[in-house]
Amino acid sequence: VRVAFGSRDFAERVRAYSPAGKVPALRHGALTVWDSLAICEYLAETFPEIRAWPRAAGERALARSISAEMHSGFPALRAQMPMNVRASGRRVPSTPELERDLARVREIWSDCRARSASRGPFLFGDFSIADAVCAPVAFRFATYGVALGPAEAAYVESLRRLPAMAEWAAASAAEIEVEESSEKGR
């Protein structure tokens, strides 16, 4: 169910789906899961055949660490480069905090790609939850024209070629609402 962020009844409509009053939320039968990382874990456990985490224990631990860091970290990136999938060519002022966040994301991506390049185009070769939680950052990097090295740029391109990412981008382009807090860098 899509609920526009700027709508007058946003909080009321979201509360109908999420006890925290935040998105995303997943309803599966009578169960409601309302945190993106919890949703990922629930799907991984409920549908083990999708192999949502890397097979090797060490890589699973690393993928979970990266996912948790993406989920709860990077405050400057989130504040200074808000999510705006349909925008491009945006530029925002740099700050030391933003540069640290950007460097850390690039470090994660380049380190993972260096280890797993021979196994596939994603952080651990095959697509995993770690890639899913990086998808919003990949969109932000495109929106704000963040400079990437060859390995990171290839990784972002692999994410952007995914059908779900293309669908997300198309749905965003079709939105008519404008969330002013996401219109930075015009």
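C134 is buried, and its relative accessible area is 0%. In this predicted model, the closest cysteine sulfur to that of C134 belongs to C112, and at 7.9 Å it is too far for a bond. A disulfide would need the two sulfur atoms within 2.5 Å.

The disulfide count for the structure comes to zero.

## Aromatic pairs

How many aromatic pairs does the structure hold? There are four. One of them joins F139 and W168 edge-to-face, with 4.8 Å from centre to centre and 85° between the planes. This pair links distant parts of the chain, since F139 sits in helix α6 and W168 in helix α8 (residues 163-174), 29 residues apart.

The two partners can also be described by their accessibility. F139 is buried at 4% relative accessibility, while W168 is partly exposed, with a relative accessible area of 33%. Elsewhere, ring pairs tie W109, F141 and Y155 into a cluster.

## A buried arginine

Let's turn to R140, which lies in helix α6 (residues 129-143). Is R140 buried or exposed? R140 is buried, yet it has no salt bridge. The nearest side chain of opposite charge is that of D101, 9.5 Å away, whereas a salt bridge calls for a nitrogen-to-oxygen distance within 4 Å.

Leaving aside residues up to four places away in sequence, R140 touches L77, R78, M81, P82 and M83.

How values were computed:
Residues numbered from 1 in each chain as written. Predicted model: local features only at pLDDT ≥ 70, side-chain atom pairs only at ≥ 80, totals over all residues. Heavy atoms only, no water. Helix = DSSP H or I, 4+ residues; strand = E, 2+ residues; numbered from the N terminus. Buried < 20%, exposed > 50% of the residue type's maximum accessible area, 1.4 Å probe, protein only. Lys, Arg positive; Asp, Glu negative; His and termini not counted. Contact = heavy atoms within 4.5 Å. Phe/Tyr/Trp six-rings, centres within 6.5 Å; stacked < 30°, edge-to-face > 60°.
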